[in-house]
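Q: Could you take a close look at one part of this structure for me, the parallel strands and the helices that link them? Once that part is clear, I'd like to see how it sits in the rest of the model.

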There are 2 protein chains.
Amino acid sequence: MSSSLKRLLLGDPLATAQAREERLSRVTGLAVFASDALSSVAYATEEILLALALAGAAAFAWTLPIGTAIGLLLVVVATSYWQTVHAYPSGGGAYTVALNNLGKTAGLTAAAALMIDYLLTVAVSIAAGVAAITSAVPQLYPWRVSLASLCIVVIMLANLRGVRESGRLFAVPTYLFIASFLLLLAGGAVVLGFRGDAAIVPERPLAAAAAVPFILLLRAFASGCAALTGVEAIANGVQAFRPPEARNAAITLVWMAAILLTLFMGVTYLARSFGVAPQEGETVVSQIARGVFGRTPVYFLVQASTALILLLAANTSFAGFPRLASVLAQDRFLPRQLANMGDRLVYSNGIVILGGLAILLVALFRADTHALIPLYAVGVFLSFTLSQAGMVRRWLRGRKPGWRRGVVINGVGAATTGLVLTVIAGTKFVQGAWIVILLVPCLILIFRKVRRHYLHVTSQLSLEGFRDEEPTGHTVLVPVSGIHRGVVTALHYAQAICSDVEAVTVSLDPAATERLRAHWAEYAPDVPLVVLNSPYRSVVEPIREYLEKVKGRSARHLVTVLLPEFVPAHWWEHLLHNQTALALKAVLLFSKRTVVTSVPHHLTR
Amino acid sequence: MSSSLKRLLLGDPLATAQAREERLSRVTGLAVFASDALSSVAYATEEILLALALAGAAAFAWTLPIGTAIGLLLVVVATSYWQTVHAYPSGGGAYTVALNNLGKTAGLTAAAALMIDYLLTVAVSIAAGVAAITSAVPQLYPWRVSLASLCIVVIMLANLRGVRESGRLFAVPTYLFIASFLLLLAGGAVVLGFRGDAAIVPERPLAAAAAVPFILLLRAFASGCAALTGVEAIANGVQAFRPPEARNAAITLVWMAAILLTLFMGVTYLARSFGVAPQEGETVVSQIARGVFGRTPVYFLVQASTALILLLAANTSFAGFPRLASVLAQDRFLPRQLANMGDRLVYSNGIVILGGLAILLVALFRADTHALIPLYAVGVFLSFTLSQAGMVRRWLRGRKPGWRRGVVINGVGAATTGLVLTVIAGTKFVQGAWIVILLVPCLILIFRKVRRHYLHVTSQLSLEGFRDEEPTGHTVLVPVSGIHRGVVTALHYAQAICSDVEAVTVSLDPAATERLRAHWAEYAPDVPLVVLNSPYRSVVEPIREYLEKVKGRSARHLVTVLLPEFVPAHWWEHLLHNQTALALKAVLLFSKRTVVTSVPHHLTR
């Protein structure tokens, strides 16, 4: 039943031979890789305003200067990644670049940062996407956590089915988003033009807002840096482009950065000009769009395309996270089962883990974008910094033509992103950045522990110099609570595999034990029945103790514990049986020279 | 490790012989059995006010009339139970009375109602207890769900340790509560006396409030009926009293009813006189106590004793629920593991299930007493009605001396509680009563299904006319993914129990399979290695298919699947191993004539 449900939701299995790659043009490449970066336009401006709001409305005068600083940072980071694209035509993710150039610890740090980053991309994008929906349909606002969880489940199922990163599928929402936001900017410009200067919030001189504490400006800047998340996506996926891969990827990167810059600066300018203040229940973008278009279909188009591109952004993590986990698992840093593809040619375990964690995060933070942002930015800028620093090291080592320019560009990139990382970690520490700062070393520790364990096991299992110490004797114990068909079948099996068979029963009720003895003599006279007492009513403990005694019968005595097990016709009936067998199995697992065998007895309906 | 944590939290195991009973005097009996009933004073008045508030402040004029009606109902119900106490000196719970007199369906209905009732007693009492705490310490209000969950966990642990229903332990909070509430009533009377009539909210004539819709009055009455929950406790526990049991229990019942009546009517009168209106964040009782005493130590004493008796009321369910579940399990209506006492002489499984469900309920309803009440009252009055109706039937059947009076008293009780049940179910249907109305038949269905299953299994397992069809052949299959110490040990075991042994491997990577073949020839030349292909990368499916083929080798061919299993030194390392073995076991469980054996290989640290 659960199997046919799985097939209904996920489709039929796909053969290994069916795996294929699709190469992307620049247009489709932009659609596939830009959703994460572009979608941050939906919340970055709002984050700046929220940070400034703490110092009162006068502080909003700082919106544009801060927006401009973030725009400059974007140019620096994009230029830096432009270099990476050319240097790593096979895909230069932060993990690869840091591992190759800065060593294992840096690589694992980048891996930890990236995993957190992927998880938060899902949580933040879904939260912001749901906010876009609930801004347009306020009735849904109380259901935002459920709605967000539902979105994550749907995306998870789609990915378990195997959504290929198909250009066509992605092109519609991405270009729809770009078009609707360009429309919004144009509309905003027209409205401002018509209303004349009167409509525009008078731009007070910065001096008037000079009273805003510097730390608050830094915090607003750190918040706005959420706009840069996702810029690295193209550098990770260079090999997905049509040849010449590096050239096509680089040009796409420039386009993406240009569009992102336009939309972000445009939205920030409009927010400022319309005097929009952040408020609960409606996003800043929604307020602007409503101000420009009213609650017309165009307004709903803007909201819908915002929600769509945010869902798409969340979706990209479902490709990236499992792939990274698989790479780490192949390097033995994560459990082996993360390395395997499921029957739909996707890394199913990684997808399920990411989905589960994202739902947990969304529920814990009540689907509040603003609460999640401090966690988000730390991971992103940590991987930016490591990736750029790795590039600097690479230039210095290789000294290939143009290395001086490379060092300068990536050096500026690394220094800038490193500085921003410090600002974010410092100003956002209490608001949540500490979680990530604590989590990164924990993850690194786990990676190392897992790998050490696997290596240790391999060495322990080596056949080199191994001589199996064969057992000197063998007894089969059959725990029973009564005598019935299942027990008789089990006793026959026991006699088939060993000549020394004993049944054991734990006496909880003397009368019942007497009845058992009487029946036993009738139905199984050739197998001795050992009766154990249990003052504390435990069934498991007396059997374990008796087992240890039996093991003393010879130097390397082996005991097989044979459990007659019911197999009911329906799954729920399992709860009604075998609880003692289960407990016994759990305890015997740790007992040496003990083999546990289940002899099934199938019940029919 | 988990075992020593268990011992630390729950204490050492207790021997069966250590079980003993303590007989209660009237004074301690009141303490043990009255907490559930008396504690409802903490929220019943508030529920009446909340229901009336919907019609505006004028409707509060109905508070006293409705309170008086509920007081009369209490007299009727207590009188009715006075009869039950005498008729069932060995304890007349609704399940027993309904089962004996009205048949199985009525008995199971009562059982279902009681189980829901026990669960809701925990949820409501804890929610109200936490409300008493957060009224006094408003800073804790945002943490109410966590606080409530914590309380439930603590009570659960105490019960798993085995809190005997010790009179001494219970006497302190119960009598403290009675004393502090009598003090509150006295203080209230003094304040009202001093202030004179001016302080009292002018009692408008009812005519002025006649505009209140009748349905709302019914709803307010239904809400206030929460005051009666727990009245049946003494009738359930007659055998716990010192002889003459029935007499002592009956006198205690009268005392309890009198105290409950005094406190409930007193609080309701004060609420009305002080013009208290229900508000979020502070209970009505807290508002009254603050009005009388100010935020003095006496006020905090009232709040603390309220919280304490509510925790005690929740605690009584942790004795009642598992005991009922055990009785039902012994009658085969519930899974067998609920019938067993744990190693601390308590029904541990029932306690854990009750605790888990209560936490779930408290979380779902955000620890809101008012939201839980509609669910609570339905179960309580359903069991009242069945219990009283059963008594009527009993009088009519037995025709013992005084049966006419008995029929009248219990008849009035049954009719009244039945009517109230209809009122509650009708007026509170949408607010949550429907959940219980739906749940009762579901539970009855489950009881019946479970019992039918157990009877069916017993008949299937009967040895009468059974002839075991012994297998005609036996093959051992050893699934392997590589060759190492664990595999070699498993192969030796396989050869010891059977002459026909085959190793099977699933080829996912042709190169790895070739390496395995080469090693195999070196280390295990005497065991054939079967290589299976897997186009869909499943490891489990090809093995299952091959197993089915092997089973065709003879008419009743038996196959033992032998799984080399790692036993890591630390529990978390389990996640890193045996995932395939686990999946294989799950699938093979349903395969007939298949025995699954785990040969452990212990890893060391």
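**A close look at the parallel strands**

A: Let's start in chain A of this predicted model. Strand β1(A), residues 473–479, runs parallel to strand β2(A), residues 501–507, and four bridges join the two. One pairing to click on is A:Val476, whose bridge partner in β2(A) is A:Val501. To get from β1(A) to β2(A), the chain goes through helix α18(A), residues 485–497, and this β-α-β crossover is right-handed.

Now follow β2(A) onward. It also pairs with strand β3(A), residues 529–533, again in the parallel sense, over five bridges. Here A:Thr505 has A:Val531 as its bridge partner in β3(A).

Strands β2(B) (501–507) and β3(B) (529–533) pair in parallel over five bridges, and B:Val504 has B:Val530 as its bridge partner in β3(B). With helix α19(B), residues 510–523, these two strands make a right-handed β-α-β unit.

Over in the 284–293 stretch of chain A you'll find helix α12(A), which is largely enclosed by the rest of the structure because seven of its 10 residues are buried. Among them are A:Val285, A:Gln287, A:Ile288 and A:Val292. Just after this helix, A:Gly294 takes a positive phi of about 70°.

For packing, hop to chain B. The largest nonpolar core has 160 residues, and the ones touching the most other members are B:Ala123, B:Ile126, B:Ala127, B:Cys225 and B:Ile288. Helix α6(B), residues 104–136, supplies the largest share of this core, 23 residues. Leaving aside residues up to four places away in sequence, B:Ala123 touches B:Ala358, B:Leu361, B:Val362 and B:Leu372. Another core, of 158 residues, lies apart from it and includes A:Ala44, A:Ile234, A:Ala271 and A:Phe384.

How do the two chains relate? Chain B superposes on chain A by a rotation of 180° with 0.1 Å of shift along the axis, at an RMSD of 0.2 Å. That's the relation of a two-fold axis. B:Thr597 comes closest to the rotation axis of the residues of chain B, with its C-alpha at 2.1 Å. The copies meet through the same surface, since 100% of the interface residues of chain B are also interface residues in chain A.

The peptide bond from A:Pro243 to A:Pro244 is cis, with omega near -5°, and A:Pro244 sits in the loop between α10 (233–236) and α11 (245–273) of chain A. In chain B, the bond from B:Pro243 to B:Pro244 is cis too, with omega near -5°. A:Arg399 isn't a glycine, yet has a positive phi of about 50°; A:Arg399 is in the loop between α15 (369–398) and α16 (403–427) of chain A. With 10 other C-beta atoms within 10 Å, A:Arg399 is exposed.

Technical notes. Residues numbered from 1 in each chain as written. Chains lettered and ligands numbered in written order. Predicted model: local features only at pLDDT ≥ 70, side-chain atom pairs only at ≥ 80, totals over all residues. Pairing = 2+ DSSP bridges. Right-handed = clockwise from strand over helix to strand, strands pointing away. Buried ≥ 20, exposed ≤ 12 C-beta atoms within 10 Å, placed from the backbone. Core = buried A, V, L, I, M, F, W, Y, C linked by C-beta atoms within 7 Å. Contact = placed C-beta atoms within 7 Å. Least-squares fit on C-alpha atoms with pLDDT ≥ 70 in both.
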